[in-house]
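Subject: Handover of a structure and its findings

Dear colleague,

Please find below the structure that I am handing over to you.

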Amino acid sequence: MARVSRKNKFLAAIAGRVVVGLIKAVKKTSRPVYQPPTFFDDLRAEVPFIMAMWHGQFMMLADLNTREYKVAAMVARHGDGEIVAHFLRQFDISAIRGAGAGHRKRDRGGAYALRAAVRALEEGTIVAMTADVPPSRPRHAGNGIVTLARLSGRPIIPVAAATSRFIVLNTWSKMTINLPFSDLALVAGDPIFVAPDADDAELERKRREVENSLNAATSRAYEIAQATEPKLDTSTSQTTSSRNT
């Protein structure tokens, strides 16, 4: 695993505290709406499960942890992963460090993370992971999440969150920063199981099912929050931000 300097760890810890404070402020000042109304009961019925989310839309999902079960999240070893790992700890979510390589050649710890995630599920831990792989197409599910479901035998549950007020960063994933004093919508899709003997064609069918279900949950969350869903493109430029306030 790549070493992180003390300076970067310190900066990540500060940034993590800022994110935690913002998440708590959004939760405290916003009106939550859950769909279905049996949101938490439906999730409890499938423990342990794989919680799927889109890369740019995960900010408010950390606060879903009810502390009833162990939760671990797949977090990249590099870049913003250190910040994410710091703020997840504040919600009692451990980090499995590693990510898929996407179209890049270098090792990002994906194989290690996959094995660790299978073990975590076998031990009864909920595993949260983004379905899309940076810096590929946003909201395009990769193969990693369906492979994990096949190996573990546990279901994938697509989950999305949206607020009526937010800032969209001009990153590859259109990362959304949720803002306080919002309508807050949290939506869960139906469980998706992958058979242990699924061949390549079946894995691709399930990958598309995850992608479509997660897109539907995301669109529904923005609809409930009465907000305009951020438009996506294939650009990875990071020059400006847009607002929905």
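The notes below go from the whole chain to the sheet, the helices and the backbone.

Please bear in mind throughout that this is a predicted model.

Overall composition

The protein chain contains six helices and ten strands. Of its 245 residues, 49% count as buried. Among the contacts in the chain with a separation of 6 or more, 74% are between residues 24 or more positions apart. The accessible surface of the protein chain is about 12,300 Å², and carbon and sulfur atoms account for 52% of that surface.

The sheet

Seven strands make up an open sheet with mixed pairing, and their order is E1-E9-E6-E2-E5-E3-E4. At the edges stand E1 and E4 (93-97), each of which pairs on one side only. From one strand to the next, the twist averages 25 degrees. Within this sheet, E2 and E6 (residues 156-163) run parallel and are joined by three bridges. Across this pair, Met 51 is placed opposite Ile 157 in E6.

Helices on the sheet

Helix H3 packs on the sheet and touches E3 and E4; the direction of H3 makes about 155 degrees with that of E4. H3 spans residues 81-89 and is mostly covered, with seven of its nine residues buried. Those buried residues are Gly 81, Glu 82, Val 84, Ala 85, His 86, Phe 87 and Leu 88.

Helix H6 lies across E1, E2, E6 and E9 (183-188). Relative to E6, H6 runs at about 25 degrees.

The contact of H5 with H6

H6 also packs with helix H5 (residues 144-152), at an angle of about 115 degrees and with the two axes 9 Å apart. The crossing of H5 with H6 is right-handed. On the H5 side, the residues in contact are Ile 145, Val 146 and Arg 150; in H6 they meet Leu 203, Lys 206, Arg 207 and Val 210. Sorted by class, this contact has four nonpolar and three charged residues, and no polar ones.

Backbone points to inspect

Two cis peptide bonds should be noted when you set up the model. One joins Gln 35 and Pro 36, with omega about 0 degrees. Pro 36 sits in the loop between strand E1 (31-35) and helix H2 (39-44). Another is the bond from Val 47 to Pro 48, where omega is near -5 degrees. Pro 48 belongs to the loop between H2 and strand E2 (50-53).

Positive phi values were also found in residues other than glycine. Arg 67 is not a glycine, yet its phi is positive at about 70 degrees. Its place is the loop between E2 and strand E3 (71-75). Arg 67 is partly exposed, having a relative accessible area of 41%. Gln 226, likewise not a glycine, has a positive phi near 55 degrees. This residue lies in the loop between helix H6 (200-224) and strand E10 (241-244). With a relative accessible area of 66%, Gln 226 is exposed.

Yours sincerely

Methods
Residues numbered from 1 in each chain as written. Predicted model: local features only at pLDDT ≥ 70, side-chain atom pairs only at ≥ 80, totals over all residues. Heavy atoms only, no water. Buried < 20%, exposed > 50% of the residue type's maximum accessible area, 1.4 Å probe, protein only. Helix = DSSP H or I, 4+ residues; strand = E, 2+ residues; numbered from the N terminus. Pairing = 2+ DSSP bridges. Axes fitted to C-alpha atoms, helices over the stretch in contact; angles between N-to-C directions. Contact = heavy atoms within 4.5 Å. Areas by Shrake-Rupley, 256 points an atom, 1.4 Å probe, with all protein chains shown as cover. Left-handed = near helix turned anticlockwise from the far one by under 90°. Nonpolar A, V, L, I, M, F, W, Y, C, P; charged D, E, K, R; others polar.
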